[in-house]
Structures are given as structure tokens and as C-alpha cells.
Amino acid sequence: MSQWMTLFQKEIIEMWRNFKWIWVPITFILLGVKEPLTSYYLPQIIKSVGGLPEGAVFEIPTPTAGAVLASGLSQYSTIGVLVIVLGTMGIIAGERKSGVAAMILVKPVSYLSYVTSKWAGSLLLVWISLFIGYLSTWYYTGQLFDWVPIGEFFQSFVLYGLWLTLIVTVTVFFSSALLSPGVAGFISLALALAVSILSGALSHLLEWSPSQLTSYAGALLTAGELPDDTLPASLVALVIILIFLLFSVFVFKRKELAS
Amino acid sequence: MELLEGMNWGLIAPLFIIQLILLIVSLVDLSRIEKTNGPKLLWVFIIIFVNIIGPILYFVIGRRND
């Protein structure tokens, strides 16, 4: 356990060194806060940009606070996922390429703690960034529109966190299975995109698909209650996370012994 | 100017500040790092002139993590 903690601390320190603790939370804040601000100032922006004929009147309905918060949250499942995957894809593949992994594994470090400490490190970063970013989006929405109940905020936060955890785990898996960080990132992104599109298109068949967690979080914010399929979807997400994590340790071990 | 007066600066100022932090951090990192993906000078311009997205792009793509 103490060995695991050492590896974990190394991860945290390394993320300080390459400023991940600064730029990932800031990116999440800017991504989320942009939504309430632009939807609040949209009428003024249109007016100042001009180009409308004299006397043209069109009403932009004021969105509800829940809808604004949901659209801010949805930024995290598009650009947020992109940032996470591109930031995580190198964590194992990169170290293997540069030879750091071999240097660490010469010592009596178990493969399990090597992979899981990296996984836990990037997970901590993602959850903290998501929390800071989403909290500021919630605050801005409250200031400009209406306050969304804090309970709904936390529920949708956990649902999104679960989906992003799945993304991180899949990226870690491909990062340990493949030598090239670029290929690992590309495959993870393609997979996440394919699953999202597929379960979006067949949403009545795949209610339990983990990528539906994002739309359930949105539904909670706009409609005020959780769809019934949230629990199975979360359970499926947890199972898949566990399977991918175990597989990545397994694959990493085989690859590392073979080379 | 009407647009500027109608804004709530208490809400917008913090965003400028964190954007500035992002800009400074990325420039500091760029000055310390040995090699980037692509010419270093190019990244200086991207960070300074591409608003908000420039520094993020640098950290995501420009930085070499080894």
C-alpha cells in the first residue's frame, strides 16, 4: 500500500510539473461558464453586432436555468472528453516509449500498482477539474438566471463523473495496450464517439448504455427528475470500468514481459 | 459602448483573470521546455494571439510529454 501511495504521489507531482493541475481545471471552468454567459448576453451581442434591418423584432425566449446548466454540462462530454483523452493518452504509452516505465518496473513494483496508480492519478485530476468547472458554471447560472437546487447539481455531477471515469479508463487501457500515444488517443476517441452516436440513435434499445448517463444528467436538470434507467446505466458503467481496468493491467503485464 | 455598460463586471473579470493565468503559465512552460511539436516561435504566436484556445491547444498538442 505504501508503495502504491509513493507511485500515486509521483503521478500527482508529475501533473504539477507539466501544469496539468492548472490548465485542465481552467479549461473546464472556461468551457462551462461560457454557456450561461453567452445565453444571457445573446440579445445584447446580436444588437451590438448589428446587421439587422431597422425594426426587426424577434424574441429570444429566456432559457430556464436548468437548460442553461445542462448545455454547460454538455460541453464536458464533447470538448471536455477531447481534452481528457488527449491529456491521458500518453500516461503509459509515453512512459514506455521513453523508457521510464522500464526503469520503474526494474524495481519490485507490481504491475497492478503501476497501472492503477496512474489511473487513480488521472481520475483525481478529472474529478477535481470537473467539480471546479461545473461548480463555477452552476454559480454563474445562479447569478445570471436562477439557482438550480444543489442536490440536482451533485447528482448530475456524479453521473457525468462516472461517464468521464469510463473515458479515462478506456484511454488508460489503450495506452497500456499500444505503444503509440497518438494511436491510443485516436482509438479511445473514436470508440467514445461511436458509443455515443450509437446509443443516441438507438436510445430506446440501449437505455443501459453508459453514454446515456450524460443525457440522463441533462434530463435531470431540465425536467427535474432522473429517468428510471439511470441505475442500470450506472451499474453497467461501473462494471465496464472494472473490466477495462483489469484488462489494462493484464495487457500491460503481457506486453512488458514480452518486450 | 452600450454593450460594455450593461455587463456585469463582477462576473466577467474573474474569467479574464484566469485566462491571463492560463496565458502566463503556458508561456512560462514554453520557455522552460526543450522541444515542442512544431517550431517554438509558432507556439508563442498561437498562445498570445489565439484567444483562450491558444494556450489550451499548446498544452494539449504542442507539449511533448517525454
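Student: What is the area buried between chain A and chain B?
Tutor: About 2,000 Å² is buried between chain A and chain B, and carbon and sulfur atoms give 78% of that area. Buried area is the accessible area (1.4 Å probe) that two parts lose on being put together, summed over both.

Student: Which residues in chain A lose the most area to chain B?
Tutor: A:F19, A:W23 and A:L30 do, together 29% of what that side buries.

Student: Where does this come from?
Tutor: It is a predicted model: local features need pLDDT of at least 70, side-chain atom pairs count only at pLDDT 80 or more, and totals for chains, interfaces and linings use all residues. Residues are numbered from 1 along each chain as its sequence is written, chains are lettered from A and ligands numbered from 1 in the order in which they are written, and side-chain values use heavy atoms, with hydrogens and water left out.

Student: How many residues does the contact take from each chain?
Tutor: It takes 22 residues from chain A and 22 residues from chain B. Contact means heavy atoms within 4.5 Å.

Student: Which elements give two or more residues to the side of chain A that touches chain B?
Tutor: α2 (20-49) and α6 (111-144) of chain A. α2(A) gives the most, with 13 residues. Helices (H or I, at least four residues) and strands (E, at least two) are DSSP runs, numbered from the N terminus.

Student: What does α2(A) meet in α2(B)?
Tutor: Residues of α2(A), including A:I22, A:W23, A:I26 and A:L30, meet B:I12, B:L15, B:I18, B:I21, B:L22 and B:V25 in α2(B). The residues of this contact divide into 14 nonpolar, no polar and no charged. Ala, Val, Leu, Ile, Met, Phe, Trp, Tyr, Cys and Pro count as nonpolar, Asp, Glu, Lys and Arg as charged, and the others, Gly among them, as polar.

Student: New topic. How many helices and strands does chain A have?
Tutor: Chain A has 10 helices and zero strands. Its C-alpha trace spans about 75 × 40 × 30 Å along its principal axes.

Student: And how many salt bridges over all chains?
Tutor: Six. In one of them, the side chains of A:K10 and A:E95 meet at 3.0 Å, N to O. That pair links distant parts of the chain: A:K10 is in helix α1 (residues 2-17), A:E95 is in helix α4 (residues 90-98), and they are 85 residues apart.

Definitions and conventions:
A salt bridge is a side-chain nitrogen of Lys or Arg within 4 Å of a carboxyl oxygen of Asp or Glu.
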